[in-house]
Amino acid sequence: MARPRKPLAQVFEGPPANLDPSLLDAERIPAHVAVIMDGNGRWAQEQGKPRAAGHKAGIQGVRELIRTSSDIGVDYLTIYSFSTENWSRPRAEIKGLMELFASTMAAELDGMHKEGVRIRVIGDMGELPKRTRETFQRGIDKTRENQGMTLIIAVNYGSRLEIVQAAQEITRQALRGELSSEQLQELSESDFARYLQTDDFPDPDLLIRTSGEYRLSNFLLYQTAYSELYITPVLWPDFDRFELCRALLEYQSRNRRFGTIGSLDG
């Protein structure tokens, strides 16, 4: 596990009165944090603004999440940016989102590269607009050798499709004779996981969802089997480093048993 790059007291300096970051244990920062960033539209509605304004406001939250996660020693950060189901949204909103993805990546890439962040993408980039696709690919290529935190961007991603595609590839290999019937019968969970897009990442330790919704929304269904879930009513544009601190404190208060009998069981 990576160690914090900055003292936690410095990262979470000036907290609100009802939050005590000194309770955080620097030795127990989760290695992999995944985030479902939800609530941009509702935030905009509450502000009397169009949905596009909510998406733009949410970018600041993304910036702060990436910077804070890197500073405190998170090794892997996965953000759910755009699902396969999001294509059903109004065309103008999708166009604005894709342009926002491209402009944000272009603006932030040099800074992330300087910080040693390595960028990866899961999902089908082939269906993205050319500029968005090329900008993401530029980020992947430029940061490929970086040794800092890995930022995994889930864009045009759907977990059910990912699992189906993994099963299809196993079937193709079997039909080509690359997998024997014995190997198929002995296929383990870890073997299957190697066919997923996340094959070289550890499973998330902590999954955060904002806006108070209690569902996974087709996100990392296989990988989050034993992730700790943290649901907050805070809308994404209002999710700052102190809200992340609250999630980490909650995470550290739990007894992760992975199906075994933990120390708190009688």
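Predicted model: local features only at pLDDT ≥ 70, side-chain atom pairs only at ≥ 80, totals over all residues.
1. Terms first. Buried means under 20% relative accessible area, exposed means over 50%, and partly exposed lies in between (1.4 Å probe, protein chains only). At 13% relative accessibility, Asn218 counts as buried.

2. Residues are numbered from 1 along each chain as its sequence is written, and side-chain values use heavy atoms, with hydrogens and water left out.

3. Backbone at Asn218 and Leu220. Most residues other than glycine have a negative phi. Asn218 has a positive phi, near 65°. Leu220 also has a positive value, near 50°. Asn218 is placed in the loop between E5 and strand E6 (228–231). Leu220 is in the loop between E5 and E6. Helices (H or I, at least four residues) and strands (E, at least two) are DSSP runs, numbered from the N terminus. Leu220 is buried, at a relative accessible area of 2%.

4. Largest pocket. Its volume is about 1,000 Å³. Of its 46 lining residues, Met37, Val62, Tyr80, Ser81 and Trp236 are the closest to the centre. Five elements are named as giving two or more residues to this lining: helix H2 (40–46), helix H3 (51–72), strand E2 (76–83), helix H4 (91–114) and strand E4 (150–157). H3 gives the most, with ten residues.

5. How pockets are found. The search runs on a 1 Å grid over the protein atoms alone. A pocket is an open set of points with protein on both sides within 12 Å along at least five of seven lines. Lining residues have an atom within 4 Å of a point. Volume is the space filled by probe spheres set on the points, which are joined across faces, edges and corners.

6. Lining classes. The largest pocket is lined by 18 nonpolar, 13 polar and 15 charged residues. Nonpolar covers Ala, Val, Leu, Ile, Met, Phe, Trp, Tyr, Cys and Pro; charged covers Asp, Glu, Lys and Arg; the others, Gly among them, count as polar.

7. Second largest pocket. About 320 Å³ of space lies here. It has 17 lining residues, and the closest to its centre are Glu189, Ala193, Asp203, Tyr222 and Gln223. By class, the lining of the second largest pocket holds nine nonpolar, four polar and four charged residues.

8. His55. This residue lies in helix H3. At 9% relative accessibility, His55 counts as buried. Its side chain makes a polar contact of 2.9 Å with the side chain of Glu93. A polar contact is a pair of N or O atoms within 3.5 Å; within protein, one must be able to donate a hydrogen and the other to accept it, and residues adjacent in sequence count only if both atoms are side-chain atoms. Not counting residues up to four places away in sequence, His55 touches Asn40, Arg89, Glu93, Leu97 and Leu100. Contact means heavy atoms within 4.5 Å.

9. Aromatic pairs. The whole structure has nine. Rings of Phe, Tyr and Trp (its six-membered ring) pair if their centres lie within 6.5 Å; planes under 30 degrees apart count as stacked, over 60 as edge-to-face and the rest as tilted. The Tyr76 and Phe201 rings have centres 6.0 Å apart and planes at 55°, so this pair is tilted. It links distant parts of the chain, 125 residues apart: Tyr76 is in strand E2, and Phe201 is in the loop between helix H8 (189–193) and strand E5 (206–209). Phe201 counts as buried, at 9% relative accessibility.

10. Phe82 and Phe101. Their ring centres are 6.4 Å apart and their planes lie at 80°, so the pair is edge-to-face. Phe82 is in strand E2 and Phe101 in helix H4, 19 residues apart. Both are buried. Phe82, Trp87, Phe101 and Phe136 form one aromatic cluster.

11. Leu207. It is placed in strand E5 and counts as buried at 3% relative accessibility. Leu207 and Thr78 are 129 residues apart in sequence, yet 9.2 Å apart in space, C-alpha to C-alpha. Beyond neighbours within four places in sequence, the contacts of Leu207 include Ala34, Val35, Ile36 and Tyr230.

12. Thr68. Helix H3 holds this residue. Thr68 is buried at 3% relative accessibility. Leaving aside neighbours within four places in sequence, Thr68 is in contact with Val11, Phe12, Arg241 and Leu244.

How values were computed. 1 Å grid on protein atoms, 1.4 Å probe; cavity = no way out; pocket = protein on both sides within 12 Å on 5 of 7 lines; lining within 4 Å.
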